[in-house]
Amino acid sequence: MKNNFEIPPFQELMNPLLDVLNELGGSGSIDEIEQKFLELSDLPEEILNIPHNPEKSSSTEVEYRLAWARTYLKKYGILDNSQRGVWSIIPEKRSIKAVDPQHVVKTVKWDKKNKKSTEKEEPLEDDQYIEILEEAESWRNILHHVLIHDMTPDAFERLAKRILRESGFVQVEVTGRSGDGGIDGKGIMRLSGLLSFHVIFQCKKYKGNVTASDMRDFRGAMIGRADKGLFITTGTFTRDAIKEATRDGAPPIDLVDGDQLADKLKELSLGIKKEMVEKITIDTEWFKSI
């Protein structure tokens, strides 16, 4: 990958994406893919941290372009994804370590023009694919706007408290208003009724990036007071912040970014309603045979 100060177009992310999946053993969740990409990438931090649209989304521009690299490689027949969001290299294609990005794009475009499909088609131009991806992620955009602009800091702390309780935490308290060294709350996570971990959490409404400095400040406040830390944000974490959160010899900090927060709210049905659409199919043969 080129080490310059421009965001690579999605075509240039295809081979790095294959490298990432091979490093992960052939498959990985979107979070695993994005984190491994940060580890392997030689792009400068300022490029990796450019937000896609901070008013509507917590994702970075690179993450959006990685999403389209995955989509094109799926259309090309090298990748597949499960309903659980795990992307994998198709078994018979595992010997392919690199592709010609331009050939991939041309092939997908040719298929679009020459084959009928009931799927939503990808855009043909670079300036279109981001717009359509935003449209597909509209519920996330709306949620992001609500969390950032409509919720007060106190309400956001209460939301974090509710999420933890719904996720199995007990004795959850919000302490953020006490000026307790940057700590917003604490709780106890119990596993199978046998093990318990004291967790201190911090929750921040950020449009942009949480930095390594934020991690160090949080860790300084939690040392000696909890087994683990949990940092929840509506924004994203820089590559250095992720490294600092998992630094050897330091108390671990688990990270929840804006996209993971949206997924958790959806999973727990907190403020998000999922509607099932009824699909009706007419069995014409049945009518003919009656």
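The model is predicted, so local features need pLDDT of at least 70 and side-chain atom pairs count only at pLDDT 80 or more, while totals for chains, interfaces and linings use all residues. Residues are numbered from 1 along each chain as its sequence is written, and side-chain values use heavy atoms, with hydrogens and water left out.

**Helices around α1**

Helices (H or I, at least four residues) and strands (E, at least two) are DSSP runs, numbered from the N terminus. Axes are lines fitted to C-alpha atoms, for helices over the stretch in contact, and angles run from 0 to 180 degrees between N-to-C directions.

| Pair | Angle | Axis separation |
|---|---|---|
| α1 and α4 | about 85 degrees | 9 Å |
| α1 and α2 | about 110 degrees | 9 Å |

Angles under 35 degrees count as roughly parallel, over 145 as roughly antiparallel, 65 to 115 as roughly perpendicular and the rest as oblique. That puts α1 roughly perpendicular to α2, and α1 and α4 are likewise roughly perpendicular to each other.

Who does the touching (heavy atoms within 4.5 Å)? On the α4 face, M14, L17 and L18 of α1 meet L66, A69, R70, Y72 and L73 of α4. By class, that contact has 7 nonpolar, no polar and 1 charged residues.

**Two cores**

A nonpolar core is a set of buried Ala, Val, Leu, Ile, Met, Phe, Trp, Tyr and Cys residues joined through side-chain atoms within 4.5 Å. Buried means under 20% relative accessible area, exposed over 50%, and partly exposed in between (1.4 Å probe, protein chains only). The largest core has 41 residues, and those with the most contacts inside it include M14, L17, Y72 and L73. Its largest share, 6 residues, comes from α4. Leaving aside residues up to four places away in sequence, L73 touches M14, L17, L18, I78, L79, V99 and V104.

A second, separate core of 22 residues includes L143, I163, C203 and A262. Of these, C203 sits in strand β6 (residues 195-204) and is buried, with a relative accessible area of 5%. Beyond residues up to four places away in sequence, C203 touches F156, E157, A160, D184 and I232.

**Aromatic pairs**

Rings of Phe, Tyr and Trp (its six-membered ring) pair if their centres lie within 6.5 Å; planes under 30 degrees apart count as stacked, over 60 as edge-to-face and the rest as tilted. The count comes to 4 aromatic pairs. F10 and Y72 make a tilted one, 4.7 Å centre to centre with 45 degrees between the planes. F10 lies in the segment before α1 and Y72 in α4, so the pair ties together parts that are 62 residues apart in sequence.

W286 and F287 pair edge-to-face, at 5.1 Å centre to centre and 90 degrees between the planes. W286 counts as partly exposed at 46% relative accessibility, and F287 as exposed at 54%. Finally, ring pairs link F218, F231 and F237 into a cluster.

Notes. Contact means heavy atoms within 4.5 Å. Ala, Val, Leu, Ile, Met, Phe, Trp, Tyr, Cys and Pro count as nonpolar, Asp, Glu, Lys and Arg as charged, and the others, Gly among them, as polar.
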